[in-house]
Amino acid sequence: MKVLSGIQPTGRFHWGNYFGAIQQYIDLQHGNEAYYFIANLHALNTVRDPKALSGYTLDAALDLLALGLDPSKAILFVQSDVPEVSELCWLLMTGTPMSMLANCHAYKAKKEKGLPADVGLFTYPVLMAADILAYDAEIVPVGEDQIQHIEVCRDLAGSFNHHFGEVFVLPKARVLQATAKVPGLDGEKMSKSYNNTIEVFEPIGPARKKIMRIPTDSRPMEEPKPDYEGDNLYQLFSLFATEAQKAEMAAMYQKGGFGYGTVKKALADAAETYFAAARERREKLAADPAGVKEILRDGAARARKKAGEVLSRAKKACGVA
Ligand code: AQP
């Protein structure tokens, strides 16, 4: 299968990015033709500081490699290194109804809040469609928030195929039920814009402090808590725990007589252990930025080859080649 996904370098990756998307990238690099890119053109919609954007881009590559992305198995590259995608985006834009984009949630949310939105945000789903279609991707591993954009991609590809012949492969989203929407520290979706995240490689001290400050309900400690599955702390703990650890924690909630501090400490310990090896790998990788840039260059060359083929297929089909 051909697999593709992109992730924005708008800051450092958080637990939501990891469990919703990155973990899938790593699983799917085995036995598939996998393309993963750092979406710096999309990030330009929010990051307007050039130094920060290039810094986050390198950080994103370091994070992905440290977390287990293997460049001998998957193709890792930076979005702007494949200009064919921007050209393909134009071909798709010429047939995109305004109403379809006006309905997309990222744009709609800004409008509803009365915030000014630019054309980049409005057309974001078309660039995302080009990102996916350029590699004939069949599977797109993502979190729940991206399902709508993949539907837009399918609609645009279907409409292009209808007009010009079978050019594009229609992709499917791959969302893992258990981690489709990882909650943040406040129980809402974990998201940079809600300021409720814990970063994967956040220094241990500050990460622990954030965990210890997670708000909890005020039920007395003695009371059993049979509705533990809806508890934010329990949900976060489950991300890192084995089945046996989860069962033990569930039993504790059902029995009652504990303080939430116990759960917070268990969560902090589990998260620390979970990412310990990746943290070490990241330190080693960070000592060799030239090596990481070489991986990205090689990835871009391989990605351009595939994107070039698809672009020329699309251009021929619509009469501009
Ligand atoms: N909380 C989440 N649960 C599950 N999956 C998530 N993803 C993001 N947050 C969660 C998935 O991570 C991938 C990369 O997403 P992105 O590059 O679009 O990052 P993002 O969604 O912009 O991250 P934020 O923190 O939510 O940023 P803002 O606040 O700018 O929107 C995607 O597959 C996404 O589904």
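Modeller: Gladly. Helices (H or I, at least four residues) and strands (E, at least two) are DSSP runs, numbered from the N terminus. With those names, tyrosine 194 is found in the loop between β5 (172-174) and α9 (204-212). This is a predicted model, in which local features need pLDDT of at least 70 and side-chain atom pairs count only at pLDDT 80 or more, while totals for chains, interfaces and linings use all residues. Residues are numbered from 1 along each chain as its sequence is written, and side-chain values use heavy atoms, leaving out hydrogens and water.

Biologist: Why is tyrosine 194 called partly exposed?

Modeller: Buried means under 20% relative accessible area, exposed over 50%, and partly exposed in between (1.4 Å probe, protein chains only). Tyrosine 194 has a relative accessible area of 44%, so it is partly exposed. Its C-alpha atom is separated by 8.4 Å from that of glycine 184, ten residues apart along the chain.

Biologist: What is the span of α3 set against?

Modeller: The expected span of a helix is 1.5 Å times one less than its number of residues. Helix α3 (residues 50-66) has 17 residues and reaches 24 Å from its first C-alpha to its last, close to the expected 24 Å. Among its buried residues are Leu53, Thr57 and Leu64.

Biologist: What caps the N-terminal end of α3?

Modeller: Aspartate 49 does, with a side-chain oxygen 3.0 Å from the backbone nitrogen of lysine 51. After α3 comes glycine 68, whose phi is positive, near 120°.

Biologist: What makes a space a pocket?

Modeller: On a 1 Å grid over the protein atoms alone, a pocket is an open set of points with protein on both sides within 12 Å along at least five of seven lines; a cavity is a set where a 1.4 Å probe fits but cannot get out, and lining residues have an atom within 4 Å of a point. The largest pocket holds about 1,400 Å³ and is lined by 49 residues, with Gln8, Asp145, Gln146, Lys189 and Ser191 nearest its centre. The second largest pocket has a volume of about 240 Å³.

Biologist: How do you know where the second largest pocket lies?

Modeller: Domain bounds come from an automatic or database domain assignment. Domain 1 (2-181 + 289-318) and domain 2 (202-274) both give residues to the lining of the second largest pocket, so this pocket lies between them. Helix α10 gives the most to that lining, with three residues.

Key. Polar contact = N/O pair within 3.5 Å; in protein donor to acceptor, adjacent residues only side chain to side chain. Points joined across faces, edges and corners; volume = space filled by probe spheres on them.
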